[in-house]
Amino acid sequence: MKITERAEIIRREMESDFFNNRLDFQSVEEFRVKYIGKKGLIPGLFREFGSLSSDEKQEAGKVVNILKKDAEKFVSELKQKSESDKDKTDFFDPSLPGLRPDVGNLHPISITMREISNIFREMGFVVEFGPEVETDYYNFQALNFPENHPARDMQDTFFISEDTLLRTHTSPIQVRSMQKQKPPIRILAPGRVFRNEAISPRSYCVFHQIEGLYIDEKVTFSELKSTLEIFAKSYFGNDVKLRFRPSYFPFTEPSAEVDITCFICGGNGCRVCKNTGWLEILGCGMVDPNVLKASNIDPEKYSGYAFGMGPDRITMLKYGIDDIRLFFDGDIRFLKQFS
Ligand code: DAH
């Protein structure tokens, strides 16, 4: 076989080796040695030139020189590629420092809800959950919001159908608990709620509530007051004072809204409490007899209290956050600050 023909065969093999190269240091070196190393295939061709006539030498010289140049080009290309593909090679360097996996942390609202739940759990409350998609019955009717009653306008509802909706408060969990168990009932119900409100730094279409309910024989308003006072002192600090203002909720009678002395300024007046010295933190009252009746609890024998608070607002006050939407953006840079 003529040298030029053998050069052609070597070229084809070389091209296939080039394209199939694994691109690690060892494979590139093997390629180099095989084709242009001292004892490689191409120098081997050159060594046979001694036995050729000068015409043959000239012809073969052209072909093998081009082959040699191409082989050198291939080697330098392989070296370059293996450099840039370094990460993809099998080479493992156990001495390199590892990549630290990102550690997550609780959402600031989860932190608040757990802290609050723990205080009430110590007082004997059991945590209960309910569905976020509710029926009109549990969200309104059983809580003494009669059909077409204007109180329904207090809560801008997202309806899914005529009869199903996204719960506007966690109070339907009261009803589910009363239907599930007999008094004494002492539950705390944290969860997400939904309202079709104009979105602003102060209000969002999703937020959170924590509902409390206690039903037993002879439960009184003063028990409600002392329970809330114990809670407020353990959460906001021993110096905190409470103020009950008369209010209205369809499911409680009488009803009250509760303020605490501002824990930022201690009641002296500041930007956060708008110079009033007071912060509103919850609504509460004695469970309306109609609500007990709707869940087959005898209002002659039993009474109870309920309360509901907004952990979003409490979290905002606690950390000095001025836009509620930050809680729902899922921005890691914001959330990481609570780890
Ligand atoms: N469900 C009420 C709301 O969303 C909050 C509330 C007020 C709950 C008073 C209660 C309560 O249980 O007694 O506005």
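Guide: We will go through aromatic pairs, charges over rings, and then cysteines. Please keep in mind that this is a predicted model.

Visitor: How many aromatic pairs does the structure hold?

Guide: In general, a pair of aromatic rings is described by the distance of the centres and the angle of the planes. This structure holds 25 aromatic pairs. Take Tyr204 and Phe328: their ring centres are 4.9 Å apart and their planes meet at 15°, so this pair is stacked.

Visitor: Where do Tyr204 and Phe328 lie?

Guide: Tyr204 is in the loop between strand 4 (185–194) and strand 5 (206–217), while Phe328 is in the loop between helix 10 (311–319) and helix 11 (332–335), so the pair ties together parts that are 124 residues apart in sequence.

Visitor: What kind of pair do Phe221 and Phe244 form?

Guide: That aromatic pair is edge-to-face, with 6.1 Å from centre to centre and 65° between the planes of Phe221 and Phe244. Phe221 belongs to helix 8 (residues 221–236) and Phe244 to strand 6 (residues 242–249), so here the parts tied together are 23 residues apart in sequence. Phe221 is partly exposed, with a relative accessible area of 26%, and Phe244 is partly exposed too, with 23%.

Visitor: Which residues form an aromatic cluster?

Guide: One cluster is made up of Phe120, Phe125, Tyr214, Phe231, Tyr235, Phe236, Phe263, Tyr305 and Phe307.

Visitor: What sits over the ring of Tyr138?

Guide: The charged end of Arg176 does, at 3.9 Å from the ring centre of Tyr138. We also meet Phe244 again: the charged end of Lys225 sits over the ring of Phe244, 5.4 Å from its centre.

Visitor: Now the cysteines. How many disulfides are counted?

Guide: A disulfide is a covalent bond between the sulfur atoms of two cysteines. The count for this structure comes to zero.

Visitor: Are Cys270 and Cys273 buried or exposed?

Guide: Cys270 is buried, with a relative accessible area of 15%. Cys273 is buried as well, with a relative accessible area of 4%.

Note on methods: Residues numbered from 1 in each chain as written. Predicted model: local features only at pLDDT ≥ 70, side-chain atom pairs only at ≥ 80, totals over all residues. Heavy atoms only, no water. Phe/Tyr/Trp six-rings, centres within 6.5 Å; stacked < 30°, edge-to-face > 60°. Helix = DSSP H or I, 4+ residues; strand = E, 2+ residues; numbered from the N terminus. Buried < 20%, exposed > 50% of the residue type's maximum accessible area, 1.4 Å probe, protein only. Lys NZ or Arg CZ within 6 Å of the ring centre and 35° of its normal. Disulfide = S-S within 2.5 Å.
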